[in-house]
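Colleague: I am new to this structure and would like to learn how to read it. Could you walk me through it, one feature at a time?

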Amino acid sequence: MSKVFIGLEIHIELKTNSKMFCRCRADYFGKLPNSHVCPVCLGLPGALPFPNQKAIEQVITTGLALNCQMTNFSKFDRKNYFYPDLPKGYQISQYDLPLCQRGEFQGVRVRRVHLEEDTGKLFHETVGSEKVTLIDFNRSGVPLMEIVTEPDLRSPTQTKDFLKNLQQLVRSLKVADADMEKGQMRCEPTVNLEIEEKGKKYYTPLVEIKNINSFRFAEKAIEYEIQRQQAEFSQSRIEKQPGNKTTRGWDQKKQQTVLQREKEEAADYRYFPEPDIPPIRLAKDQIERIKKQLPELPEAKIEKLKKMGLSDYQAKLLSKTDTDIQILEEGVRIGERVKVKIAPSKIADLIINKKVKTAKEIIDKLSVEKPKMKEEELLLAIDKTIEDNPSVVEQFKKGKTTVVEFLVGQVMAKTKGQADPQKVREILHEKLKSS
Ligand code: ZN
Ligand code: MN
């Protein structure tokens, strides 16, 4: 018997115009290498960082949506480590006073959400016959939000779903595009197991899987890691040591995780307060203002759709696109107006399976299935509608032909939705033009 513990560290690039601490443009993707750089993001001596207000607000927005506790005092710290993609020799990040802490999202506790800067990008290539490493600093200094969860996830599939939902959340908040293929969202799952044998519990050593850039890879890497840790424990019975973490990488070709570093501790980074940036003080009303601007969150949308009678599957799918929800709502409204009871789940089905893009298409598609009414009855209803709405007819004659839709609606109401709206539309056009 064993229990799985999975925690996540997720890095998401924020959608801002400029970088985190300078005025360089943040949209580096596909741009000429080292074209979006300045002394600040190149880490040249004497250059001073200046924090991006928008990025700070975006982290607060996300923290609020993740039900975090907000702080009125936060600061930046230097995380020191040596790597060529980090020109200053340290990353400006947040250590003990992150912007947001202790949240909860879909049953998973969120430990913290903090703000930092992205690093440059290394390219290992062969130039001539020489193996070289090239550096592109366009990404250096792009605002990066880091979300850390408690180890509350219990399976690879649950983890994948959590990541997908988180992606949808930050997209709906408009704080990030979080496109994993573009490296705008990267995750690092931490995995270990609780193994019970003869009433005694053992814990396998913590393993962090670095830099995963696809939902599927995350799921596969965790699956593999669970098997590997189980096998390793039954062979060597090595147990978890406090504070110790091994890092491994996911090798997609070999379909396995591979050892990178044996031991890693937070103290290695020699964190200390960033002396070039004053602490951040946030007034209560600033946070309140951001709270008021929060859009309707995906979870609330899904609940609303399910209340309308949509299945769990339909609700989740439709909640991803605001225009789909609008089409659904309009379809229901039109249905009510023309007194045809159309089940919202039926409209959802048309949107999902028939790729219907307008409410009109919905009415057309659904009306076709109903018994046809007599021709003379229909013509009578149309004539009566024209007679009853002289001002609308007038507008049509002046060139505002879109008003015909109003008349179609009236005819549909008169015929209790039994007419074919397309046919009604054609007859109306003919009659109005010739009258
Ligand atoms: Zn710059
Ligand atoms: Mn980080």
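Modeller: Gladly! Let's begin with sheets: two strands pair if DSSP finds at least two bridges between them. Keep in mind that this is a predicted model.

Colleague: Which strands form the open sheet, and in what order?

Modeller: Here 3 strands form an open sheet, in the order 5-4-16, and their pairing is antiparallel. Strand 5 (90-93) and strand 16 (272-273) are at the edges with a single partner strand each, so one side of each has no neighbour in the sheet.

Colleague: How many bridges join strand 4 and strand 16?

Modeller: Strand 4, residues 77-80, pairs with strand 16 over 2 bridges, in the antiparallel sense. To find the spot on screen, look for Asp 77, which stands opposite Pro 273 of strand 16.

Colleague: Now the metals. Which residues coordinate the zinc ion (ligand 1)?

Modeller: Cys 22, Cys 24, Cys 38 and Cys 41 do, each through its SG atom, at 2.3 to 2.4 Å. Along the chain, these donors follow the spacing C-x1-C-x13-C-x2-C. Cys 24 and Cys 38 both lie in the loop between strand 1 (2-13) and helix 1 (53-65), so this pair ties together parts that are 14 residues apart in sequence. Both Cys 24 and Cys 38 are buried.

Colleague: Are His 11 and Glu 146 buried or exposed?

Modeller: Both are buried, and buried means under 20% relative accessible area.

Colleague: Last, the surface. Which residues form a nonpolar patch there?

Modeller: Phe 123, Val 127 and Leu 134 do, with about 240 Å² of accessible area together. You will find Phe 123 in strand 8, residues 121-127. Its relative accessibility is 33%, so Phe 123 counts as partly exposed.

Technical notes: Residues numbered from 1 in each chain as written. Chains lettered and ligands numbered in written order. Predicted model: local features only at pLDDT ≥ 70, side-chain atom pairs only at ≥ 80, totals over all residues. Heavy atoms only, no water. Donors = N, O, S within 2.8 Å, 3.2 Å for Na, K, Ca; no water. Helix = DSSP H or I, 4+ residues; strand = E, 2+ residues; numbered from the N terminus. Buried < 20%, exposed > 50% of the residue type's maximum accessible area, 1.4 Å probe, protein only. Patch = residues over 30% accessible without salt bridge, like charges linked within 9 Å, V, L, I, M, F, W, Y side chains within 5 Å. Areas by Shrake-Rupley, 256 points an atom, 1.4 Å probe, with all protein chains shown as cover. Salt bridge = Lys/Arg side-chain N within 4 Å of Asp/Glu carboxyl O.
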